[in-house]
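Q: I'd like to learn to read a model like this feature by feature. Give me the general idea each time, then the case here.

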Amino acid sequence: MPPIVIDLSSTDDRRDVVHQAVQTLAEGKLVVFPTETVYGVGAYARHAAGVESLYTAKGRSHQTPLALAIKSAEEILDYVANPGHLAERLARRCWPGPITLVVDVPEKNDENLREDLLSQLPPRVQQLVAPQGTLGLRVPAHQTILDILGMLAGPIALTSANISGEPAAVTAQQALDSLGDKVALVLDGGPCRYGQPSSVVKATGDTCHCIREGVVSQSTLDRLSSMVILIVCTGNTCRSPMAEAIMRQMVAEKINCSAADLEQHGVIIASAGIAAVSAFAPR
């Protein structure tokens, strides 16, 4: 049966669309979503047969794990109790947005018996999303899928809406041409904003690196993952710039580098003011 296609720009009430998508996912069927990167196809992660059908529809190897789309940056702690301060920092700064974070999943033992949301998924789904002790998480920056996630009792197993090996779909029609009647519902949100995949970033402890560079480049990632120290005064004309220079020198001495090389060591120090005089541009 051909999938139902809904043009989001011509719907009278988005809530009806959200309810229809939630019902479709709950039944174990596949839904194509618009995101800010490329079109995605997803299955309800609490429905094991639905997640299996996602692999079948894409012709995807079971050795390639799926990412989970979750509601918010705060929810990362519900899946991994201690993802590391760098992963938490990137989640706060980048989500919702075009980054998929890959974090380590600790083994369960006598000292680590905390019930998390990952362990509440069907065992087969756990194997498919975290087969090697790591888990990919993402919060897409598109209101429709966020509204759908808000009405589900679990995450969405999400991947690009195309047959594996084919180009990613950046329009609903491209997704439809690729997947056809393998999906039950297609939500057409127009062309994707970025038109390229999310960046996949592995964050472990104090380090992170791009597994797949997409919308966010490695250089941008380096800045986003840096510690930022901002020194603020009223006008940013004397006190905060002076404090910035002193702080730069102190931190450089502490980590044994030059003040000019601080950013290469993951530290950004800046100053700012909170007021401006009339007729003068704020600094």
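Reading the model, feature by feature

Q: Where is Asn-236 found?

A: Asn-236 sits in the loop between strand 11 (227-233) and helix 9 (239-255). Helices and strands are DSSP runs numbered from the N terminus, with helices (H or I) of at least four residues and strands (E) of at least two. One thing before we go on: this is a predicted model, where local features need pLDDT of at least 70, side-chain atom pairs count only at pLDDT 80 or more, and totals for chains, interfaces and linings use all residues. Residues are numbered from 1 along each chain as its sequence is written, and side-chain values use heavy atoms, with hydrogens and water left out.

Q: What is the phi of Asn-236, and is Asn-236 buried or exposed?

A: Its phi is positive, about 55°, although Asn-236 is not a glycine. Asn-236 has a relative accessible area of 5%, so it is buried (under 20% is buried, over 50% exposed and in between partly exposed, with a 1.4 Å probe and protein chains only). Now take Asn-256, which is in the loop between helix 9 and strand 12 (267-273). Asn-256 also isn't a glycine, and its phi is positive, near 60°. Yet Asn-256 counts as exposed, at 70% relative accessibility.

Q: Which peptide bond is cis?

A: Look at the bond from Trp-95 to Pro-96: it's cis, with omega near -5°. Pro-96 belongs to the loop between helix 4 and strand 5.

Q: How do I read a helix that packs against other elements?

A: An α-helix has 3.6 residues a turn, so residues three or four places apart point the same way. In helix 6 (residues 143-151), the buried residues are Thr-144, Ile-145, Leu-146, Ile-148 and Leu-149. They pack against helix 1 (14-26), strand 2 (31-33), strand 4, strand 7 and strand 8 (185-188).

Q: Which residues of the largest nonpolar core touch the most other members?

A: In soluble globular proteins, nonpolar side chains tend to be buried together. A nonpolar core is a set of buried Ala, Val, Leu, Ile, Met, Phe, Trp, Tyr and Cys residues joined through side-chain atoms within 4.5 Å. The largest one here has 72 residues, and Trp-95, Leu-135, Ile-148, Ile-156 and Leu-187 touch the most other members. Take Leu-187: leaving aside neighbours within four places in sequence, its contacts (heavy atoms within 4.5 Å) include Ile-6, Val-17, Phe-33, Tyr-39, Thr-144 and Ile-148. There's also a second, separate core of 6 residues, among them Ala-252, Cys-257, Leu-262 and Val-267.

Q: How many residues line the largest pocket?

A: A pocket is an open set of points on a 1 Å grid over the protein atoms alone, where a 1.4 Å probe fits, with protein on both sides within 12 Å along at least five of seven lines; lining residues have an atom within 4 Å of a point. The largest pocket has 28 of them, with Arg-60, Ala-67, Thr-100, Val-200 and Arg-212 nearest its centre. Strand 4 (67-69), strand 5 (99-104), strand 6 (134-138), strand 7 (156-160) and strand 10 (207-212) each give two or more residues to that lining. Strand 6 gives the most, 4 residues.

Q: Why does the second largest pocket lie between the domains?

A: Of its 14 lining residues, Asp-206, Ser-225, Ser-226, His-265 and Gly-266 are closest to the centre. Helix 4 (residues 85-94) supplies the largest share of the lining, 3 residues. Domain 1 (4-222) and domain 2 (226-273) both contribute to the lining, so this second largest pocket lies between them. Those bounds come from an automatic or database domain assignment. The C-alpha centres of domain 1 and domain 2 are 37 Å apart.
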